[in-house]
Amino acid sequence: MNWKTICELEDIDPNTGVCALVNGQQVAVFRLAEQDQLFAIGNYDPAGKANVLSRGLIAQLNGITSVASPLYKHHFCLSSGICQEDTNLKVPTYEVRVQGSAVEVAA
């Protein structure tokens, strides 16, 4: 597996997301403050048909950590990429890690 460095951990404010271009695909990377945990999913919202998920709000919905799309407020699980309102919608998920202080996404 190849890893691509996208930024420094300090570049992602806790409880926010950033967008990175990985092998030509937009990837939304989120940093959760409480566990200092990272998640990476596709940035493209299949309901709103736009690359906006990195700007969504992190939420807990029915006990699932998700991001609410800024367009139609669909919630996408950060672990599985499945939309909670419409399970026919799904975004890809990516492995993400911190090496030293660098955030890396599996390419």
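Strand β4 (residues 37–42) is largely enclosed by the rest of the structure, because five of its six residues are buried, where buried denotes under 20% relative accessible area, exposed over 50% and partly exposed in between, for a 1.4 Å probe and protein chains only. The model is a predicted one, in which local features require pLDDT of at least 70 and side-chain atom pairs count only at pLDDT 80 or more, whereas totals for chains, interfaces and linings use all residues. Residues are numbered from 1 along each chain as its sequence is written, and side-chain values use heavy atoms, with hydrogens and water left out.

Strand β4 pairs in the antiparallel sense with strand β3 (residues 25–32) over six bridges; pairing requires that DSSP find at least two bridges between two strands. Within this arrangement, Ile 41 of β4 is the bridge partner of Ala 28. Four residues lie between the two strands of the hairpin, and Asp 36 adopts a positive phi near 50° there. Strand β4 also pairs with strand β10 (residues 93–94), again in the antiparallel sense, through two bridges. In that pairing, Tyr 94 of β10 stands opposite Ala 40.

The chain as a whole contains 12 strands and zero helices, with strands defined as DSSP runs of E of at least two residues and helices as runs of H or I of at least four, numbered from the N terminus. For 107 residues, a compact globule would have a radius of gyration near 13 Å, and the value of 13 Å for the chain agrees with this; the radius is taken over C-alpha atoms, and the globule rule is 2.2 Å times the number of residues to the power 0.38. The C-alpha trace spans about 35 × 30 × 20 Å along its principal axes.

Of the contacts (heavy atoms within 4.5 Å) with a separation of 6 or more, 42% involve residues 24 or more positions apart. When neighbours within four places in sequence are set aside, Thr 65 contacts Leu 32, Ile 58, Ala 59, Gln 60, Phe 76, Cys 77 and Leu 78. The C-alpha atoms of Thr 65 and Leu 89, which are 24 residues apart along the chain, are separated by 17 Å.
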